[in-house]
Amino acid sequence: MNIYDFKSLTDSIHTSLSVNLSPSAVTIIEFIIIAFAFMMLFTLLGLILVYAERKIAAFFQLRLGPMRVGKWGIAQTAADAIKLILKEPLVTKNADKFLFNLAPFIIILSTFMALGAMPFAKGLHALDFDIGILYLTAVSSLGVIGILIAGWSSDNKYSLIGAMRSGAQVVSYELSVGLSLLTVVVLAGSLQFSEIIASQEAGWWIFRGHIPALIAFTIFMIAGTAETNRGPFDLPEAESELTAGFHTEYSGLKFAFFFLAEFVNMFIIAGIGATVFLGGWMPFHIGNWEGFNRIMDFIPSLFWFFGKVAFLIFLMMWFKWTFPRLRIDQLLRLEWKYLLPINLVNILFMAFIVLMGWHF
Amino acid sequence: MAETATNTNTGKPLETQEYFINMGPQHPSTHGVLRLMLTLEGETIHNVEPHLGYIHRSIEKMCEKDTYAQIIHLTDRMDYLSSHMNNEAVSLAVEQGLEVEMPERVKVIRTIISELTRLSSHQLWWGVFGMDLGAITSFLYGFRDREMIIDIFEETCGARLTMNYNVPGGLMFDIHPNFQKRTKAFVEHFRQKLPEYDQLLTGNVIFEMRTKGIGILSKEDAISFGVTGPTGRASGFSNDVRKHNPYSAYPQVEFNEVLREEGDSYARYKVRIQEMWESMSIIEQLIENIPEGDYKVKTKAVIKLPKGEYYQKVETARGEFGVYIISEGGKSPYRLKFRSPGFSNLSALNHMAKGVKIADLVVIMSTLDLVIPDIDR
């Protein structure tokens, strides 16, 4: 279990910095390093996920996707990014300029804050609170404020309708995300990500938690997709109804921020799902099969985490490119009449199982 | 006004206000330059007012200056997805005036290509309908199969969309030697692929929620609005011109007029899917033995219709398309009037869309299968 531990790397950076510098300077430098790393990660995730989405969508739709820029169109997203940066940032005449410009940054900020608590690999962890899950769900839903501001300040009725839809949607589905995560918290007995991961050493919770864990996982995937405003829950954008919903009036870099944030949010939701239900960076272990477990340990934890995340992201893309979009009242009915009651019963059921010690 | 919304602090009803939205002329789901003025309260639609004129080309007026052979080319530009049927309507009306009987070969070829056109139009509609619902994948599935038909057209007459294959007095060219082989191959292919359409959309829970009971049009309303084609047939209004006033080779073939009673968006969807099966069956009945003979009868270089009034209607993919010609005996009509199915179908939109959500309006509009240049000539 000790191979590929990033803790030795982070510790060595910390000690080498501490030799000559005062503790506060060390903290500041570490902050800068982490911020830089996250910025790089953010850009990289955006580029890779946009490319992946376009290719996966293309294969679902019997076409090739981007093929011209670079081999298999690999440089397409980079070219698009350059185009977006060079584009004129238009602002509508009667827009509330301050809020209009602020909105994309609020969304970006919330995704950055959420990335901070993500356990990427063993020991690779910017923040490890004792209330990690609470923090992550709280922060990742801050983005809706950005969407509401964007819709309000654009001075466009389509944007406003999109923003209002988004508000109703994210607030509703936040409940289901939280409750389905709590189901596993009951099992793991902790809100801290590192402890939740450590508790899955003998097997991932989705396999060990009986039916309640499976139900919770299903609900989490549905609600998580809804929270990222992706199809079939992409009502705030609803291309065929609202042209582009809340970001109708945005162009250039500010549009790119919304666009990237959607993809990074998808990564965050998939990351939480992978960590809580599929063991995060924990390799695939089966009970006390020592030999099997040791072989699995040879695969670095970073690969495990990103592999699981990639799988969940693929699932979400699969939803998007298969299902038609729901209507707003149907969307809210699904949450309040079906998912939420099921979730509440499920969490009681899980508590009962844990009390009786029936889980594996 | 919404009666349920109250201010939680004072207990008084909230002051709500109706507002307007211009949907179009540039909007992804009006499929053309249609402008709808929506009166909304929240997301609920109170009134839909279509505004036309953004693609008006005064086609009917232009017809008064053109010869009958030239008019054919203008009809392509109306309902471009059923261009062959539009051409056929004018050709039949002129042939009716000239009192010439078409050879069997012409009739059969016209019918086969009409049905292929109907198939391609319904395929495109199916793809776009999925896209309007947010399932973008269906769009490309529809186009994949449509492409095969369009390729057959290209080989037959050189054009892919605005075909001009019909001329008064027959066809412009004979069919390509490959025509029968490729059409048979297509029907065989599409019989395999049409169930795929059902797998992707029809049984889906979300799809059924979005379409069942949405935009109900009763049979009486369908008749009084003059709604024809699959849209009218989904309300139980038997209006298939191919059945009631058969033309070309339709008297020889056996097919069912697809009728449903519900009159909602789902019924309109199912009618079109079922019509694709019927079209394939019509093609299969005719393609095996296309009679030998001439592909056109000899007409004068410049056709002059005798003084009188002529009316011919055909069934296009959208409904009943009529051509009304008043001739003073000259080389061009004194007045020509088109009865386009899209215009009447659009007139029912406000009736169907009252009280639904914006998202439903898109669904209803999509199931009406509007082609804007057909409405706005």
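Here is a short walk through the structure, one selection at a time.

**Before you click.** This is a predicted model, in which local features need pLDDT of at least 70, side-chain atom pairs count only at pLDDT 80 or more, and totals for chains, interfaces and linings use all residues. Residues are numbered from 1 along each chain as its sequence is written, while chains are lettered from A and ligands numbered from 1 in the order in which they are written.

Select chain B and you'll have 15 helices and eight strands on screen; helices (H or I, at least four residues) and strands (E, at least two) are DSSP runs, numbered from the N terminus. The radius of gyration of chain B is 22 Å, close to the 21 Å that the globule rule gives for 377 residues, so the chain is as compact as a globular protein of that length. That radius is taken over C-alpha atoms, and the rule is 2.2 Å times the number of residues to the power 0.38.

Strands pair if DSSP finds at least two bridges between them. Zoom in on β2 (residues 35-41) of chain B, which seven bridges join to β3(B). Along that pairing, B:Thr39 stands opposite B:Asn47.

**Stop three: where the chains meet.** Show both chains: 26 residues of chain B are in contact with 23 residues of chain A, contact meaning that C-beta atoms, placed from the backbone, lie within 7 Å. To find chain B's side, colour β1 (19-23), α4 (104-132), α5 (137-157), α7 (205-211) and α14 (358-368) of chain B, the elements that each give two or more residues to it.

**Last stop: a helix in chain A.** Select residues 210-227 of chain A and you have α10, whose 18 residues reach 26 Å from first C-alpha to last. Of those 18 residues, 13 are buried, so α10(A) is largely enclosed by the rest of the structure. Buried here means that 20 or more other C-beta atoms lie within 10 Å of a residue's own, with C-beta atoms placed from the backbone. Step past the helix to A:Asn229, whose phi is positive, near 60 degrees.

How values were computed: Contact = placed C-beta atoms within 7 Å. Expected span 1.5 Å × (residues − 1). Buried ≥ 20, exposed ≤ 12 C-beta atoms within 10 Å, placed from the backbone.
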